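Please read the points below beside the coordinates.

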Amino acid sequence: MQKTLRLILGDQLNSNHSWFNTIDDKVTYVLMEIRSETDYATHHIQKVVGFFAAMQAFCLELKSKGHQVIFFKLNDLDNMQSFEKNCQNLISTHNFTNFEYQLPDEYRVDVVLKKLCQSIEISYSVVDSEHFFTTRNELGDFFEGKKTFLMESFYRMLRKKHNVLMEGDIPTTGQWNYDGENRKKLPKNHNATVPLVFNNDVIEIFNQIQKTDIKTIGTIDAKNFIWPINRTQSLQLLDFFLAECLHLFGSYQDAMSPNEWSLYHARISFSMNVKMISPQEVIDSAIREWEKRPNEIEYNQLEGFVRQIIGWREYMRGIYWLKMPEYSNMNFFNNQEKLPDWFWTGKTKMNCLNDALSQSLHYAYAHHIQRLMIIGNFALLAGIHPDELDAWYLGIYIDAIEWVEITNTRGMSQFADGGIVGTKPYVSSATYIDKMSHYCGSCFYKKELKTGEKACPFNSLYWNFYDRNEGKLSNNPRIGMMYNVWRKMKPEAKIALLEQADYYLKNINEL
Ligand SMILES: Cc1cc2nc3c(=O)[nH]c(=O)nc-3n(C[C@H](O)[C@H](O)[C@H](O)COP(=O)(O)OP(=O)(O)OC[C@H]3O[C@@H](n4cnc5c(N)ncnc54)[C@H](O)[C@@H]3O)c2cc1C
Ligand code: SF4
C-alpha cells in the first residue's frame, strides 16, 4: 500500500495549503521540535517558545480536522533531534513509500532536505509553500542582465501583476510612492495606541526547554506569552492593527519614542513568517479597511503598508535566493570588530540604544527603524563584523528567519553586500535620531556635542566611518555631498573627531 510521509517545518503552519484540502488516511504529517533548529543560533527564549507553541497548536488543528499527525516534542525519548534522522527513522519503521516536503525558506534547511532525499530509498517530491506572491527565482528573472536591483521597480511590477491598488496599468491615485509623506516625528506627549498582546500560558513548553542545555537570550513571562500562537490570534492581531493603527502607520513608520515599543506597527511578522496568515490576505484586508473608512485612513498610510509587504518582503526573499550562499560571507567594508557586551544586557548610557536593546530583550521585538537606524546604525559606525551582527539579529527577534533577517541586516542595514539591497549605507549622526525620536533630551550624552566626555558617540563615529571608508564610498553619487563637507572641515576639527571616535571604539564596552 502507498503510504506518504509529509514533513511540515516550524515556519510552514499554513492551514490553507492545498495539502490539507483532503483528509487521506494514507498520508501522515510530521512536525518536530528539534535541537538542530534550537541550536543553529542563540535564540531569544520567546522565539523558541513561540515557534513550539505555534507548532503544537497547528498539530492540534490538523488532528481536529481528521489528519494523521506525528509530533516530536523536544524531550521525547524517540526524538533524534534532526530532520534527517527523525525522517529516516519514521520511513523505515512505518514503511512509508513516499516522502514529501514544502520548499523551505532557508538555504540551510534546503540543503539538509535535499541531502535527506538523496539518502532515502523511496520516492520523494517537493511542493511550493503557497505563501508568497513570488517564486524563489522571480526576482532573479526580473532583474536578469541588470547591474542594480531597485526595490521600487520590483514593487511596481508586482503591483501590476497582482492588480494591487491599480486602475489598469496606472496606480490607483496616479502616484506610486508616498514615502515623502511618511516620515513624521511623534508629537510630544502623544499617547500611542496601547498594543494588543495575548496572554498565552506556555509554561509547559518553557519548562521543557529549561530541562535542556539550550542556550537562549532575553526574558519571558511564560504564563502570559504576548505573541499570537495560532491563526485565530494572528487574525485578531491583524484586525487590531487595521482598526487601531493603519490610519497612522505611514505617518509614524519612522518615529521612535521611549517606552513606546510598538507604536503603529502591525507586529504581524511572526504570524506571517511562520505562515499562520498570508501576505495576500493581509493586503486584501488592509485595502478593504481603507475602502470602508476612506475618510479616516488616508491613502498614503495604506500604500506605505502595502509597500512593506508586497514590496520589501517579497524583494528580500528574492535577493536571498538569488545571492545565497555567497551573501552570507559578504563584508564590503571588511569590518572586524566584536559586538559590545551591552548588546546582551541593554546596559549602555546611550539612551536610544538602551531603549532599543532593552525592548528587544524584553519583547523579542523592535520596530523597523529601531533595528535599522539605532542598533544597525551604531554597529555599522563601530565597524562590527557582519557575522557577529547577523548571529545577534538572527537570535533576538521573534520574526527572525534567515531569508528576511540576513538580507535586512547584512544588506539593508550594514551595506555588507556593497549595494545590492541599498543604494547607500544607512548611517546617521545624532541629528537624525533626534529628528525622529524623543531619546536625546534625557540622554547622558549631548546630541549637539561632537567631542568631550559627554559628546554623543554617534557624532564622531559617523565621521570616522566616512573617513575610514573613503576609498569605497566617495564615488557613490548619493554620498558625495558628505565628503565635500568632510573635506572642507578644518584639519584640527577632523583630528579631534577622529581621536574622539578612536577613544570610543577602544572603550566601546563602557559607552
Ligand atoms: C537590521 C534589520 C533586521 C531585520 N530582521 C528581520 C527579521 O529577522 N524578520 C523579519 O520579518 N523582518 C526583519 N526586518 C524587517 C522589519 O524590521 C520587520 O519585518 C518588522 O519590524 C516587523 O514588525 P511589524 O510586523 O510590526 O512590521 P510593520 O512595520 O508593521 O510592517 C508590516 C510588515 O511589512 C513587512 N516588512 C516591513 N519591512 C520589511 C523589510 N525591510 N523586509 C521584509 N519585510 C518587511 C513585514 O512582514 C512586516 O510584518 C529587519 C529589519 C532590519 C533593519
Ligand atoms: S544623544 Fe546620542 S546616544 Fe543619546 S539618545 Fe541621542 S543619539 Fe542616542
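The numbered points below begin with conventions and then go through the cavities, a pocket, the ligands and the backbone.

1. This is a predicted model, in which local features need pLDDT of at least 70 and side-chain atom pairs count only at pLDDT 80 or more, while totals for chains, interfaces and linings use all residues. Residues are numbered from 1 along each chain as its sequence is written, chains are lettered from A and ligands numbered from 1 in the order in which they are written, and side-chain values use heavy atoms, with hydrogens and water left out.

2. Rolling a probe the size of a water molecule over the atoms shows where empty space is left. Here a 1 Å grid is laid over the protein atoms alone; a cavity is a set of points where a 1.4 Å probe fits but cannot get out, a pocket is an open set with protein on both sides within 12 Å along at least five of seven lines, and lining residues have an atom within 4 Å of a point. Grid points are joined across faces, edges and corners, and a volume is the space filled by probe spheres set on the points. By this rule there are 4 cavities of 30 Å³ or more.

3. The largest cavity has a volume of about 280 Å³, and it is lined by 19 residues, with G10, D11, E37, Y40 and F51 closest to its centre. Two or more lining residues come from each of α1 (35-39) and α2, helices here being DSSP runs of H or I with at least four residues and strands runs of E with at least two, numbered from the N terminus. The largest share, 5 residues, is given by α2. By class the lining has 11 nonpolar, 3 polar and 5 charged residues, where Ala, Val, Leu, Ile, Met, Phe, Trp, Tyr, Cys and Pro count as nonpolar, Asp, Glu, Lys and Arg as charged, and the others, Gly among them, as polar.

4. The pocket holds about 180 Å³ of space, and among its 13 lining residues Q56, K73, V202, E204 and I205 lie nearest the centre. The lining divides into 6 nonpolar, 3 polar and 4 charged residues.

5. What takes up the space of the second largest cavity? That space is taken by ligand 2, a molecule being placed in a cavity or pocket if more than half of its atoms lie within 2 Å of the grid points. The second largest cavity has about 100 Å³ of space; of its 14 lining residues, C352, C440, C443, Y445 and C456 are the closest to the centre. The elements giving two or more residues to this lining are α13, α17 and α18 (457-468).

6. The shell around ligand 2 includes M350, N351, C352, K447 and F458, a residue being near a molecule if one of its heavy atoms lies within 4 Å of it. This shell has 10 nonpolar, 1 polar and 1 charged residues, and at least two of its residues come from each of α13 and α17 (430-436).

7. N351, which belongs to helix α13 (residues 351-363), is in contact (heavy atoms within 4.5 Å) with Y439, S442 and C443, leaving aside neighbours within four places in sequence. The side chain of N351 reaches the backbone oxygen of Y439 at 2.9 Å.

8. Around ligand 1 there are 29 residues, of which H265, A266, R267, Y365 and N408 come nearest. An oxygen atom of ligand 1 lies 2.6 Å from a backbone N or O atom of R267, and an oxygen atom of ligand 1 is 2.7 Å from an N or O atom in the side chain of Y365.

9. Most residues other than glycine have a negative phi, and most peptide bonds are trans. M324 and P325 are joined by a cis peptide bond with omega of about 5°, and P325 lies in the loop between α12 (299-323) and α13. N95, in the loop between α3 (83-94) and β4 (98-102), has a positive phi near 55°.

How values were computed
Polar contact = N/O pair within 3.5 Å; in protein donor to acceptor, adjacent residues only side chain to side chain.
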